[in-house]
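Trainee: Could you take me through this one and tell me what the labels rest on? I'd like to see each call checked against its cut-off.

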Amino acid sequence: MTLERKIAGLFKLDDDNWMRHANPISVWTRYSVLPVIVLAFWSREWIGWWCLVPGLASLLWLFFNPILFKKPKSTKNWASKAVLGERVFLNRDIVPIPDNHNTLLHAILNGISFVGVLLSIWATVYFSVWGAVLGVALAYLGKSWYLDRMVWLYEDMKEKNELYRSWEY
């Protein structure tokens, strides 16, 4: 079982919920989470323990966002294809992916994103503006590039697999 499949299980991503998460609104609104978390916990200086309210709300949003939206009217857009590509990628132990997609780049991009998140956490603890901006930027750069690779993977795989082709409408 791939790590990505375990994470999908944590978010309760079954067939129906994957399609809900493929709604572009779900994808784009998830981009709001990291800056809001940084601002929420940064605000501890001004509002004390009340900072936990927006912080926890943001974490709940992160967890429930993938299942809150309706299935998209169409999956013929970048955001939907990115999610569908993630689904293809987590299935790589069952349905092999082409060699040109089976590279360390995915891990490197997720690593860049993870370093950005860690830098954001450090910056929030120490009130570092430059660290927060750089951390969020690195997290989004890594994640966006990774998602773009998932679009490419999905496009390649839907041509070879009827199941994947059926996800596009």
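Mentor: Start with helix α1: its buried residues pack against α2 (15-21) and α7 (78-90). This is a predicted model, where local features need pLDDT of at least 70 and side-chain atom pairs count only at pLDDT 80 or more, while totals for chains, interfaces and linings use all residues. Residues are numbered from 1 along each chain as its sequence is written, and side-chain values use heavy atoms, with hydrogens and water left out.

Trainee: Which residues of α1 are buried, and what makes them line one face of the helix?

Mentor: In α1 (residues 3-10), they are Glu4, Arg5 and Ala8. Looking down the axis of α1, those buried residues fall within an arc of 100°, so they line one face. The arc is taken from the directions from the helix axis to the C-beta atoms. Leu3 and Leu10 are exposed on the other side of α1.

Trainee: And what counts as a helix here?

Mentor: A DSSP run of H or I with at least four residues; strands are runs of E with at least two, and the numbering goes from the N terminus.

Trainee: Why is serine 113 called buried?

Mentor: Buried means under 20% relative accessible area, exposed over 50%, and partly exposed in between, using a 1.4 Å probe and protein chains only. Serine 113 has 12% relative accessibility, so it counts as buried. Serine 113 sits in helix α8 (residues 105-125). Beyond residues up to four places away in sequence, serine 113 touches Leu138, Ala139, Gly142 and Lys143, a contact being heavy atoms within 4.5 Å.

Trainee: How do you know that the span of α8 is close to the expected one?

Mentor: The expected span is 1.5 Å times one less than the number of residues. α8 has 21 residues, and from its first C-alpha to its last it reaches 30 Å, close to the 30 Å expected. The buried residues of α8 fall within an arc of 155° seen down its axis, so they line one face as well. Among them are His106, Leu109, Gly116 and Leu119, while Ala107 and Phe114 are exposed on the other side of α8.

Trainee: What makes α8 roughly antiparallel to α9?

Mentor: α8 and α9 pack at an angle of about 160°, with their axes 7 Å apart. Angles under 35 degrees count as roughly parallel, over 145 as roughly antiparallel, 65 to 115 as roughly perpendicular and the rest as oblique, so the pair is called roughly antiparallel. Axes are lines fitted to C-alpha atoms, for helices over the stretch in contact, and angles run from 0 to 180 degrees between N-to-C directions.

Trainee: Is alanine 22 buried or exposed, and what about isoleucine 94: buried or exposed?

Mentor: Alanine 22 has a relative accessible area of 0%, so it is buried. Isoleucine 94, at 58%, is exposed. Alanine 22 is in the loop between α2 and α3 (24-30), and isoleucine 94 is in the loop between α7 and α8.

Trainee: Which residues is alanine 22 in contact with?

Mentor: Leaving aside neighbours within four places in sequence, alanine 22 is in contact with Pro72, Ser80, Val83 and Leu84. The C-alpha atoms of alanine 22 and valine 83 are separated by 5.4 Å, though the two are 61 residues apart along the chain.
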